[in-house]
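Visitor: I am new to this structure. Please pick one part and take me through it closely.

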Amino acid sequence: MDTSVPRPGDREFSNGDFYCGEVKGLLPHGKGKYAWLDGTIYEGDWDEGKISGKGTLLWSSGTKYEGDFSGGYLHGVGTMTSPDESVYSGAWRMNVRHGLGRKEYCNSDLYDGSWKEGLQDGRGSYSWTNGNRYIGNWKKGKMCGRGVMRWANGDLFDGFWLNGSRHGSGVYKFADGCLYFGTWSNGLKDGKGVFYPAGSKHPSLKKWCRSLEYDDTGKFVLSRTSSVNVEELRNLSSVTRSLSVKTSASGTAKNSGRISDRFQDVNLRTSDGDFTCHGPSSKSARSSGPGQSEGQDKNRIVYEREYMQGVLIRETITSSVDKSHKIRPPNLPKECRSRTLATFLKGDHNYYLMLNLQLGIRYTVGKITPVPRREVRSSDFGKKARTVMFFPSDGSNFTPPHKSIDFSWKDYCPMVFRNLREMFKLDAAEYMMSICGDDGLTEISSPGKSGSIFYLSHDDRFVIKTLKKSELQVLLRMLPRYYGHVGEHENTLITKFFGVHRITLKWGKKVRFVVMGNMFCTELKIHRRYDLKGSSHGRFTEKIKIQEKTTLKDLDLAYEFHMDKLLREALFKQIYLDCAFLESLHIIDYSLLLGLHFRAPGQLNDILEPPNAISDQESVSSVDVGLAQEISIPPKGLLLVTHEPNSVNTAPGPHIRGSTLRAFSVGEQEVDLILPGTARLRVQLGVNMPAQAHHKLIEDKEESATIELFEVYDVVVYMGIIDILQEYNTKKKVEHKCKSLQYDPMTISVTEPTIYSKRFVDFLHKVFPEER
């Protein structure tokens, strides 16, 4: 009998299942109906025993799917109706929602937009039954990236989101006409901003929105791609029958088996808006000054504000018509000062250089990753351990065509850095996507006098720094011992290097780069950062030059940090080891880069506006005096608990490596840090380390005028040793450097760099004093 032609047939299986329809041989093929013993029924197309084509599947639970199938999976375009009456219509891939789709939830909420692996991901619109609506970007089921939220009461926020909360730059427009331009962190106002009362003149919202050319983290991106078009999001059409299906070639395969009805919906929650008092909080902000009319107040007065963790810590009054008062999105990078390399890297040159860097790193990592891992050899550090490749714009047999200019690429010690990346627990694919993705790189101004140019990856994980030829030579000379040191000490605080490269442009200009980990890659906002050398010579920052992200110096530091006994012991044990390593290489002039995240005490709200204030000026004065004299407020907001690996985010990062630290306060056990309203964080050396910051009582209170409001703060500390590429290998060079740093008068007798490490460590003992 010819079994190649489908024929009608009924068959009852021994397990109780039943099939009625066309078959090919012994397999269902063509149109047919299959009923499982548990009551699940499918009716539609078959292909040699597999559900494939169009059909209807009805589960015993009452869930119904009608649409495309492929190889036994829901795959294509279809509609699923659940027993709770929620309905999804759109694209599917391997049994999960993936592509464009529209879902009506059982509570009448509605999402229309892009899905990925069953969760909202990409551009989309969500409407709540209470009248709230969000239009913008999503990631893994949460609002993430640029988006607009309009609440039912008329309030509107246009800006950046992270994990469902406002995070980054944005503008909040209140229903009564008030506006606030500023920055948020995890849903709370955090940083500087400008508040415009109702009726006052303010910048155009359209102009503001066009200026927000940021990436998903709220940082300005140096790329030629335009920002998200919010108006385009408003026109997202409903899913129709002509909806195209886009299947990612890199999608992971699902477990085989009969289709299950276990489809989970994301549980979305959002606040009803920022309903805190958005008007001025002090008497000075609520009343007009002498000789001013109410109309003038509405048109002229605006308020510059600064928040910390949602708490208003400073407010000044200015005029909205003052020409010197310019409103622009916060955190835009300042223009770099005139430098030799910076002068060269302007405009198209800078853009092409970044493209070349991304092309080269993609080529380097892609070539070395498939090579089987092995231990490094002495030849892997030598002069011949380099890969050179020419990248013509038209492409070649080994390189793809590109839109940049022709360039030559040199990769130094590829096997060594490949092993270092694995040692630092970096996945090759994530490394390439972070640096070489479509989001571009951010240029940041140099914090020092080196003249180097810095780039930041779009996800903040990596810093790319230009090197001088002498710095490159020092790094390559120290690389064998550096490799051994970081391999032996997993908690090292020394800068983590991931690759060293050189680009030669077609007219001969050579630019050298090193890729490093960014120790300030954290979900917490870094409120203050310091570069500490243990010297007093020129180690201060002029007050007028201090901005929100300025890196301050030794004399600017007005705190002592008190931390758990075991945490401090682990810190100084590693500092001694790292300094001894740098001594052995005759390296001095390195720094401890210190980042601080301040936790604003909740009691601050109660004393921002003291009762019975007599006048505007007296009200402000009372606040300042009250804060300066308050020393008895108990620190809150930080809690050490026993480490629970399954409860913390242990995803490896460029600055996270090594064991979890132990704390004396919890019985010498490994600990996590609990931050109310934030997360459970893994405590490691130099990462997420809790401490109390005690303000030093000194006459110079420059810093206290900008952030100190109390004698004691709770802080989370981040730190690492940087600037290790300057070698002093002769007595004369060491003596000259020590004199320039104004150390002891006896520095003329110094013969080796031990004097630097001793002074450096002694200074840190004062910064992190031992508890008595």
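Guide: Buried means under 20% relative accessible area, exposed means over 50%, and partly exposed is in between, with a 1.4 Å probe and protein chains only. N350 has 6% relative accessibility, so it counts as buried. L355 has 21%, so it counts as partly exposed.

First, the ground rules. This is a predicted model: local features need pLDDT of at least 70, side-chain atom pairs count only at pLDDT 80 or more, and totals for chains, interfaces and linings use all residues. Residues are numbered from 1 along each chain as its sequence is written, and side-chain values use heavy atoms, with hydrogens and water left out.

Now the setting. The protein has 14 helices and 37 strands (DSSP runs numbered from the N terminus: H or I of at least four residues for helices, E of at least two for strands). Of its 772 residues, 50% count as buried. Take the contacts (heavy atoms within 4.5 Å) with a separation of 6 or more: residues 24 or more positions apart account for 54% of them.

N350 and L355 open the way in. N350 lies in helix α6. L355 is found there too, in a helix that covers residues 347-368. For L355 and H402, 47 residues apart along the chain, the C-alpha separation is 8.8 Å.

The part to study is an open sheet. It has 7 strands, in the order β21-β22-β26-β27-β25-β24-β23, with antiparallel pairing (a pair needs at least two DSSP bridges). Its edge strands are β21 (386-391) and β23 (441-444), each pairing on one side only. On average, neighbouring strands of the sheet are turned by 25° against each other, direction ignored.

Look inside the sheet. Strand β25 (residues 462-467) meets strand β27 (residues 510-517) over 6 bridges, in the antiparallel sense. Opposite I464 stands V515 in β27.

Helix α7 (residues 414-423) touches β21, β22 (407-412) and β26 (497-505). The direction of α7 makes about 140° with that of β26 (axes are lines fitted to C-alpha atoms, for helices over the stretch in contact; angles run from 0 to 180 degrees between N-to-C directions). Helix α9 (residues 469-488) touches β21, β22, β25, β26 and β27. The direction of α9 makes about 125° with that of β25.

Next, the core. The largest nonpolar core holds 120 residues (buried Ala, Val, Leu, Ile, Met, Phe, Trp, Tyr and Cys joined through side-chain atoms within 4.5 Å). L420, M478, Y482, F561 and F768 touch the most other members. A second, separate core of 37 residues includes W46, Y111, W161 and Y307. Back to M478: leaving aside neighbours within four places in sequence, M478 is in contact with F581, L585, I587, I724 and L725.

Strand β31 (residues 591-599) is mostly covered, with 9 of its 9 residues buried. S591, L593, G595, H597 and R599 point one way, while L592, L594, L596 and F598 point the other. β31 pairs in the antiparallel sense with strand β28 (residues 528-532), over 5 bridges. There, L593 is the bridge partner of D531. β31 also pairs in the antiparallel sense with strand β37 (residues 712-722), over 9 bridges. H597 stands opposite V716 in that strand.
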